[in-house]
Amino acid sequence: MAAVRGGKAVPMATLAQAPSRTGTSAPGAPRTPAPASVRHLGPNWYAAVMGTAIVANAGAVLPFTGPGARTGYQAVWALSVLMLLTLLAARTVHWVRHGDQARRQLLDPAVAPFYGCLAMALLAVGGGTLAVGRDVIGTPAAVAADAVLWTVGTLTGLVGAAAIPYLMVTRHRIEPGSASPVWLLPLVAPMVSAALGPALVPQLPAGQWQRALLFGCYALFGMSLLATLLVLPLVLSRLIHHGPLPLALTPTLFLVLGPLGQSTTAVNNLADAAPGVVAPTTAHAMDAFAVLYGVPVMGFALLWLALATAMVIRAVRRGMGFSMTWWGFTFPLGTCVTGAAGLARHTGLNAFGWLAAALFAALVTAVAVAGTRTAVGLARGHLPAPPRPVTS
């Protein structure tokens, strides 16, 4: 939808969620928040699961660990599992009781891309189950759980990667100059599969099965990478020609870090899984590719991080308040942590290890802030709430 300003149509987006204003209090009476309802529970809430799970996943690969860190990662993983199960149940109720709203979300170009978060939430929790949850539930159970979540998450991600762009072309009305980093969400889901799939390679029978998964992950990597290369210039062009994003949507600039950090993570994890699965010369080439691809991409990720941080500081100075888009700070930062940690393994440079540690500290801070503000919003009945129109 669009608003008219100065005779020009201004696109509207509905990404930010504000406190509900659906109460029926009389004029002049104190406003009380409406009780929380799953009617307005959108797919963007899966970003909270992703952002929580990535703390455990990223912490598990840090080259530097402190005493008790593993226990902390296990606690965060358990929390992410609980969040995922709760949200899956709530979203099921949403589809059953409010199917009209769910279909409306699919047809809303500002909301539909968030369906990519479902796949990534499944994948992130599955990866954490194998990385740290195995200490709690045992390796066989962790492998089985990760295999199921990776398979379901990958299939869901592939459907979203094709279906959301299809809807954007055939059903959505995309206003000129409205390209958003949110468009990357369904496209980066296959990259998450490519990054987490290698951990399952050793669990398969040697030979064809292991090679099929390894090269399948490379195919997922290429699929996501090429799609990202098509969309990212649109996002940058929108910023240059139409100015900064609306204040509430500024945190979504961090979403660009997702495919950058995750692709770096993917090539490093694939190189780790290659020895013994493919010919030594091929494994050596994969190891070289991990470094030759990962280092330049991580450099660009740091450049974008600086730009996005500057834009967020600008938005804060202009009054940017909390919204669910703040979870956009979390998972993308986590992928940069795992990417930097992978480069530390393959280059032997301590600088990448320290970079991973610094980014992890920023990740933990972002998750703590977003999680606290979300919990307060839920406790006060402000969340979930109807999306607030935001001019773009």
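Read along the sequence, the protein chain runs β-β-α-α-α-α-α-α-α-α-α-α-α-β, which amounts to 11 helices and three strands. Here, helices (H or I, at least four residues) and strands (E, at least two) are DSSP runs, numbered from the N terminus. The model is a predicted one, in which local features need pLDDT of at least 70 and side-chain atom pairs count only at pLDDT 80 or more, while totals for chains, interfaces and linings use all residues. Residues are numbered from 1 along each chain as its sequence is written, and side-chain values use heavy atoms, with hydrogens and water left out.

Of the 392 residues in the protein chain, 53% count as buried; buried means under 20% relative accessible area, exposed means over 50%, and partly exposed lies in between (1.4 Å probe, protein chains only).

A search of the whole structure finds four salt bridges, each being a side-chain nitrogen of Lys or Arg within 4 Å of a carboxyl oxygen of Asp or Glu. One of them pairs Arg39 with Asp100, whose closest N and O atoms are 3.2 Å apart. Arg39 sits in the loop between strand 2 (8–17) and helix 1 (46–60) and Asp100 in helix 3 (residues 99–106), so this pair ties together parts that are 61 residues apart in sequence. Both partners are partly exposed, Arg39 at 24% relative accessibility and Asp100 at 34%.

Another salt bridge links Arg70 and Asp135, with the closest N and O atoms 2.7 Å apart. Because Arg70 belongs to helix 2 (residues 69–97) and Asp135 to helix 4 (residues 116–137), the pair ties together parts 65 residues apart in sequence. Arg70 is partly exposed at 31% relative accessibility, as is Asp135 at 43%.

Asp272 and Arg345 also form a salt bridge, their closest N and O atoms being 2.6 Å apart. Asp272 lies in helix 8 (residues 257–273) and Arg345 in helix 10 (residues 330–347), so parts 73 residues apart in sequence are tied together. Asp272 is partly exposed at 39% relative accessibility, and Arg345 is partly exposed at 40%. Finally, salt bridges that share partners join Arg39, Asp100 and Arg104 into one network.
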